[in-house]
Amino acid sequence: MKLHQLRYFQCLAHYLHYRKASEALYISQPTLSFAIKELEKELGVALFKKEGRTISLTAEGKTFLNYVTKSLQILEEGVQAISPKQEIQISSIPTVINSFLVPFIIQLQKEHPEINIQFRSEKTQTITQKILDNQYDFGICSKINEQQLKYIPLIKRKLVIVFSKENPLVKKENIELKDLLDYPFYTYQKNMTLYTTIKDLFLSQNLPFHPSNYFDDENSMIGLVNANLAVSIMEDNDTLLSYPDLIKKEIPLPYQEREIYIVYHPQHISKLSLEIIEKMLHFPI
């Protein structure tokens with residue numbers, strides 16, 4: 001029994017699909033199929049069974065998966081324990097990098113110089129998928145209803161009405177959502193969590209929601225709003241700090257603040273990652 005066979009088995013048990021598993025492992029489907037057949041031959045039992053065009057774990061496969069998962073996790077912890085430099089790969093949505101993630105990493109490396117955190121800035125959907133694919137140790141993002149993942153609340157962020165200091169709204173002391181209907185409105189792409197939150201705000205007041213444009217890049221959106229081409233509702237986050245002349249106003253309605261989470265796969269998380277997550281949860285924001 002070889003280590004790579006166990007990793008292949010764990011990946012196929014996750015996807016239950018040979019093509020998807022082989023792509024995640026960066027190997028060919030025949031290579032994966034041969035490795036699984038050799039593993040089953042050595043164990044003397046079938047680990048998977050075909051159900052039409054799909055596959056599923058046998059009872060023996062489910063039992064074996066529990067032991068494989070524990071074994072690979074213990075092995076990973078052993079590697080980390082003897083490594084002079086321990087590296088953690090994470091991904092975060094951009095809106096918490098400057099205000100939270102970077103200060104946290106600076107403090108962590110002062111206390112534990114042997115730990116090296118590598119991070120990327122990506123969207124929630126990308127982070128979630130890559131954690132499912134075991135490409136990151138954990139992530140910081142919005143919550144998507146993905147039952148395989150564990151979500152821990154980390155930060156709450158308010159939404160604010162934003163517009164240029166050149167906009168006539170500057171003259172209004174109290175701004176209501178209906179006042180925004182008089183101007184082009186820019187918002188997030190429809191597949192983003194914030195889009196739904198903002199849309200629901202308008203609909204809760206029986207107001208039409210017809211944005212003029214949609215963005216997945218907050219810097220571009222806020223730059224155009226700052227140039228007085230539109231108004232918007234945005235998360236009060238790091239991006240706004242770069243535009244001191246931008247006007248921010250509270251939303252005059254009760255609403256649920258946006259919550260940002262630490263997310264990880266319980267079967268893939270290492271002991272070191274859990275220790276870092278615990279430190280994050282107690283880091284002053």
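**Reading cores, helices and sheets**

Mentor: Start with β5. Phe-138 and Ile-140 are buried on one side, and Gly-139 and Cys-141 are buried on the other, so that both faces of this strand are covered. Keep in mind that this is a predicted model.

Trainee: How do I read the two sides of a strand?

Mentor: In a regular strand, side chains alternate between the two faces of the sheet. Here Phe-138 and Ile-140 take one side of β5, while Gly-139 and Cys-141 take the other.

Trainee: Which strands join β5, and in what sense do they run?

Mentor: Strands of a sheet pair through backbone hydrogen bonds, either parallel or antiparallel. β3 pairs with β5 in the parallel sense, over three bridges. Ser-91 stands opposite Gly-139 there. β12 runs antiparallel to β5, again with three bridges. In that pairing Ile-140 faces Ile-262 of β12.

Trainee: Where is Gln-86, and is it buried or exposed?

Mentor: Gln-86 is in strand β3. Its relative accessible area is 17%. Buried means under 20%, so Gln-86 counts as buried. Beyond its neighbours within four places in sequence, Gln-86 contacts Gln-80, Glu-114, Ile-115, Asn-116 and Leu-272.

Trainee: Now the core. Which residues of the largest nonpolar core touch the most other members?

Mentor: In soluble globular proteins, nonpolar side chains tend to be buried together. The largest nonpolar core here has 35 residues. Phe-100, Phe-104, Ile-117, Phe-138, Ile-140, Ile-276 and Met-280 touch the most other members. At least two residues each come from β3, α5, β4, α6, β5, β6, β12 and α9. α5 gives the largest share, six residues. Apart from this core lies another, of 33 residues, including Leu-177, Leu-180, Tyr-195 and Leu-246.

Trainee: What does Phe-100 contact, leaving aside its neighbours within four places in sequence?

Mentor: Phe-100 contacts Ile-140, Leu-154, Ile-155, Met-280, Phe-283 and Ile-285.

Trainee: How do I read the buried side of a helix? Take α6. Which of its residues are buried?

Mentor: An α-helix has 3.6 residues a turn, so residues three or four places apart point the same way. In α6 the buried residues are Thr-124, Ile-127, Thr-128, Ile-131 and Leu-132. They lie on the same side of α6, because they cover an arc of only 135° around the axis. They pack against α1, β3, β5, β6 and β12. After α6 comes Asn-134, with a positive phi near 65°.

Trainee: And α8? Why do its buried residues line one face?

Mentor: Glu-218, Met-221, Ile-222 and Val-225 are the buried residues of α8. Seen down the axis, they fall within an arc of 90°, so they line one face of the helix. Their cover includes β7, β8, α7, β9 and β10. Asn-228 follows α8, and its phi is positive too, near 65°.

Trainee: In what order do the strands of the five-strand sheet stand?

Mentor: The order is β9-β8-β10-β7-β11, in an open sheet with mixed pairing. β9 and β11 are at the edges with a single partner strand each, so one side of each has no neighbour in the sheet. From one strand to the next, the twist averages 30°.

Trainee: How do β8 and β10 run, and what lies across β8?

Mentor: β8 and β10 run parallel, joined by two bridges. Tyr-186 stands opposite Ser-232 in that pair. α7 lies across β7, β8, β9 and β10, and runs at about 135° to β8.

Definitions and conventions
Residues are numbered from 1 along each chain as its sequence is written. This is a predicted model: local features need pLDDT of at least 70, side-chain atom pairs count only at pLDDT 80 or more; totals for chains, interfaces and linings use all residues. Side-chain values use heavy atoms; hydrogens and water are left out. A nonpolar core is a set of buried Ala, Val, Leu, Ile, Met, Phe, Trp, Tyr and Cys residues joined through side-chain atoms within 4.5 Å. Buried means under 20% relative accessible area, exposed over 50%, partly exposed in between (1.4 Å probe, protein chains only). Helices (H or I, at least four residues) and strands (E, at least two) are DSSP runs, numbered from the N terminus. Contact means heavy atoms within 4.5 Å. The arc is that of the directions from the helix axis to the C-beta atoms. Two strands pair if DSSP finds at least two bridges between them. Axes are lines fitted to C-alpha atoms, for helices over the stretch in contact, and angles run from 0 to 180 degrees between N-to-C directions.
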